[in-house]
Amino acid sequence: MWPLVAALLLGSACCGSAQLLFNKTKSVEFTYCNETVIIPCFVNNVAAENTREMFVKWKFKGIDIFIFNGTNSVPKHNFTSARIAVSELLKGDASLMMNKSDAILGNYTCEVTELSREGDTVIELKYRVVSWFSPNENILIVIFPIFAILLFWGQFGIKTLKYKPSHTDEKTIISLVAGLVVTAVVIVGAILLIPGEYSVKNAIGLGLIVISTGILILLQYCVFKTAFEMTSFAIAILLIQVLGYVLALVGLSLCVSACIPMHGPLLISGLGIMALAQLLGLVYMKFVASNQKTIQPPRNN
């Protein structure tokens, strides 16, 4: 009896507190963007000099999901990706790592045993929804293309009313159909781009919006070309439109490739420049129309 008590007292004296002390963490969150979920478990007073002296057990709702027995790591049940960094155990880090697909919301228990000492801590795993774009960014991404389309229809209306050929030419019909298609595609893209976290549906919606707006460059060129002779100012408007589209495409590629879009302002800037070019085009056509009773078609030499 006395030798056992003496051994326990000696072990307590050598290793400090007889109870393992944990850095308490009530809860931890993960998002859609996390490929790996980490549930922290830190012991402050580890005294072991070899991982063979340590035993780690993780539980979920009272059921063992991972065990480290000093030499081997054994994941349990459906937590096949569960693991710990064994090399960090002697530093007191027994955090559980797993793939996002294996993560289940709820309370996890970390139990650590070191020789004659042991302890446990409970951490709640939560899920946090993070919007792909901020509310203001979502609004601007939709508003700018729609505004650009409305401005195009304004240009198309001016051209149709002021330039009245004897018969409806083929270019006018093509411009009308293409404009309707762009309008429909942008509306569908806006519906798919519902505010929320990153998803394939949102990415497709954003792609439809940005890519389809490129057709507005060709439509604006057709309107200019059929209404009057191309001038340096009209060419400058088209070049501004092209610049905006290039910026929008670069922003699109950077945003779609990242779960958290850091280049949203670049995308929005491109769309804004395209809308500005359409506005300049409308003002320019209105100015030309106000100086001519009827816009004459360009002459072919």
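Reply: A residue is called buried here when its relative accessible area is under 20%, exposed when that area is over 50%, and partly exposed in between. The model is a predicted one, and the values below are computed from it.

Tyr284 has a relative accessible area of 13%, so it is buried. Phe224 is buried too, because its relative accessibility is 0%.

The aromatic pairs number 12 in total. In one of them, the ring centres of Phe30 and Tyr127 are 5.1 Å apart and the planes meet at 75°; an angle over 60 degrees counts as edge-to-face, so this pair is edge-to-face. Phe30 belongs to strand 1 and Tyr127 to strand 8, so the contact ties together parts separated by 97 residues in sequence.

Elsewhere, a single aromatic cluster is formed by Tyr32, Trp132, Phe133 and Tyr198.

Strand 1 (residues 27–30) runs parallel to strand 8 (residues 117–127), and 4 bridges connect them. Within this pairing, Val28 has Leu125 of strand 8 as its bridge partner. Strand 8 also pairs with strand 7 (residues 106–114), here in the antiparallel sense and over 9 bridges. Asn107 stands opposite Glu124 of strand 8. Strands 7 and 8 make a hairpin with 2 residues between them, and Leu115 in the turn has a positive phi of about 55°.

Together with helix 2 (135–162), helix 7 (264–290) takes part in a nonpolar patch, each helix supplying at least two of its residues. The patch covers about 510 Å² and consists of Ile139, Ile143, Phe147, Leu276, Leu279 and Val283. Among these, Ile143 lies in helix 2. Its relative accessible area is 45%, so Ile143 is partly exposed.

Terms used. Residues numbered from 1 in each chain as written. Predicted model: local features only at pLDDT ≥ 70, side-chain atom pairs only at ≥ 80, totals over all residues. Heavy atoms only, no water. Patch = residues over 30% accessible without salt bridge, like charges linked within 9 Å, V, L, I, M, F, W, Y side chains within 5 Å. Areas by Shrake-Rupley, 256 points an atom, 1.4 Å probe, with all protein chains shown as cover. Salt bridge = Lys/Arg side-chain N within 4 Å of Asp/Glu carboxyl O. Buried < 20%, exposed > 50% of the residue type's maximum accessible area, 1.4 Å probe, protein only. Pairing = 2+ DSSP bridges. Phe/Tyr/Trp six-rings, centres within 6.5 Å; stacked < 30°, edge-to-face > 60°.
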